[in-house]
Amino acid sequence: MRKTFIMAWRNIWRNKRRTLITVASIFFAVFFAVIMRSFQLGSYDHMIHQAIESFSGYIQIQNKDFLDDPTLDNTIPYDQNLLSKVNTVDNIKIAVPRVESFALASTGIQSKGVLVTGIDPEKEKLLSDPENRIVKYRFTPEIVAKILAKTNLPKKQLGLLKSNQNKSFSSLSRISLDLALDKKLENTLFPIINELASFNGNYLTSHDDGVLLSDRLSKYLKANVGDTIVLMGAGYHGTTAANVFPVRGIVQILSPELDNKLVYMTLENSQEFFSLENRITSLNINLDDIDDMLETHSKIKEAIQSDLVTVKTWEEFNPTMKQQIEGDSVGGVIFIGILYFIVLFGIIGTVLMMIAERKRELGVMVAIGMSKMKLTFVLIIEMLFLGFIGMITGLGASAPLIILGNRNPLKMTGEMAKMYEDMGFDPVMPLAWFDQYFFWQGAIIMIMVLIACYLPLRRVRKMKVISALRA
Amino acid sequence: MKVIDIKNLTKIYNESEVKVKAVDGISLSFEQGEFAAIVGPSGSGKTTLLNLIGGLDKPTQGEISVDGTDIGGLNSSQLIDFRLRNIGFVFQAYNLIPVLTAKENVEFIMELQGKKRIERDERSIELLSAVGLGERVNARPSKLSGGQQQRVAVARALASKPKFILADEPTANLDSKSTETLLNIMEQLNKEENITFIFSTHDQRVVKKARRVITVEDGRVVSDEKRN
């Protein structure tokens, strides 16, 4: 056996150039496949983190009919009993109650259909965290004019400031990103922005009777902090829901769709408004370990044991996102498949050349008494050596990049960054940490090598010794 | 004692539409310890005859019995195993395994036979010393001359302790000195160890040394001369 490995190892170095070309093709295939897949999976993790972990939660407890008929008639009672049952399950990071329903909002000037979301202000900080999205700066045309009068901005920043007119910001860091400011310009401009563009707004207190309006909605309704809005809608079991609410703050929602219609109020306030007493539309749950989501889901189901209540994973209550990820993932897999397919033919070519070049030698081996099975084994070991070298070097080269890209995600700038932010995501592209995908690339290469060996090795099995000796 | 018994051996090649009778009804037998040369002009069928005796090719008709075993009745893998345990081959172009050293080449067959490492080590060195290459055991074939490579091939053929050795034009690529050395080694092994050697050749130096000369023409034995 030892001699077989020695022979195989020495054989692959008989034609160094061919070996290096084959190894290089496997190296690049593994390297690019790993990095590409890592970027893809990293971005999915990031999307899930942003949209699911930071807004809806990974698991929701709802009325069993709510997903098909999302009205207030399909709500669930929110009491200590439900919470204590949920809290018996491990892996639960936070369970946040929500009331979500639609109403008509009016300021007297404008009116619009809105999504009223009742939240527990303290608990919600651990989920969608509206407090950190409160608008603190607004670039109205008048404010932009004043800023321009006070500073002498470079041409690029001047253009960017004008293009950001009418925009709101929850932080100076986002202003810096949008205006492409360096440290020096930040030092000049930030005091002026603080003086001229600061926007007063507060987060909701526990028993607040006011509301937070999403940024785009507030502009549409022409409502500002301190103004009041009228909300009208249908409450629980067809009751009329109507009331006047003072605006406490403007909150910037990254998803444009939600930013056009979201109204936050306290859970208590929303239950009173919709005559829901102590009912909620969903209990949104975040997890400590996402990998155990399905197990946790089953355990919650088991703990609750109710025919009226259902437990849904994010993949069930947000199928669109799941389909988006799956669609994109399939695209990536197809691309990697094509890459591997090309490499597969390269490997087949190498095996064929190896056999053709050594036909006489292989014939001699069989003539003197080596079984074709053993001969086939030597050739397979040779190809596995090539695959192994390519795989190890490919994985080895990609590993430091994965560590670097995971710890320090690639930060996007310019239009790409804005596009990401507008879609509701941080403008970063992290690489996924080592997981099954990483080791699978290695396994796929080794499987491919074995597949590539099949046809040529069949030739060996069918080889006629006498004609091989004449080669 | 008969080592090889050939009866009415025929081999017909069907090259396109023309049938070529390479061996035409040959009947022969070889005793243990013979030093025989099969001679004849190119295309006379001597290499085909050797290939048939060695089980490398299948006869169209006839019977080859080696030590009582009809090798025509063996399937492909049985034949490979039969060759491994009974026949030693020396080829015209040496045909050593280029990635193995002289010693490893000799050991190779014993490893296929499943011999233990100590036995392989001892016998390979002993055989290489016997063919005068005791100092070159770790040289790869590319570092050896043609004559030296052919001597390694002889050592390899002997390694499996075969019943006989088939050598197809073993001196065709060698100079006079190397031919002389090789023939002396083989003659010595034949005499001292009683190993049967069967050559196909048209080298007169080999013919002179042979104690039996079988002349083949058009696939038939035209003379079978035994010498003392």
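User: Among contacts in chain A between residues at least 6 apart in sequence, what percentage join residues at least 24 apart?

Analyst: The share is 80%. Two residues are in contact if their C-beta atoms, placed from the backbone, lie within 7 Å. Please note that this is a predicted model, in which local features need pLDDT of at least 70 and side-chain atom pairs count only at pLDDT 80 or more, while totals for chains, interfaces and linings use all residues. Residues are numbered from 1 along each chain as its sequence is written, and chains are lettered from A and ligands numbered from 1 in the order in which they are written.

User: How does the radius of gyration of chain A stand against that of a compact globule?

Analyst: Chain A has 31 Å, whereas a compact globule of 471 residues would have a value near 23 Å. The radius is taken over C-alpha atoms, and the globule rule is 2.2 Å times the number of residues to the power 0.38. The C-alpha trace of chain A spans about 100 × 65 × 30 Å along its principal axes.

User: What domains does the assignment give for chain A?

Analyst: Domain 1 comprises 2-51 + 321-469, and domain 2 comprises 65-135 + 199-306; such bounds come from an automatic or database domain assignment. The centres of the two domains of chain A, taken over C-alpha atoms, are separated by 49 Å.

User: What makes A:N91 partly exposed?

Analyst: A:N91 has 18 C-beta neighbours inside 10 Å and therefore counts as partly exposed. A:N91 also has a positive phi of about 75 degrees, although A:N91 is not a glycine.

User: Why is one side of β6 and of β10 of chain B left without a neighbour in the sheet?

Analyst: The order of the open sheet is β6-β7-β8-β3-β9-β10 in chain B. Two strands pair if DSSP finds at least two bridges between them. β6 (87-90) and β10 (220-226) of chain B stand at the edges with a single partner strand each, so one side of each has no neighbour in the sheet.

Technical notes
Helix = DSSP H or I, 4+ residues; strand = E, 2+ residues; numbered from the N terminus. Buried ≥ 20, exposed ≤ 12 C-beta atoms within 10 Å, placed from the backbone.
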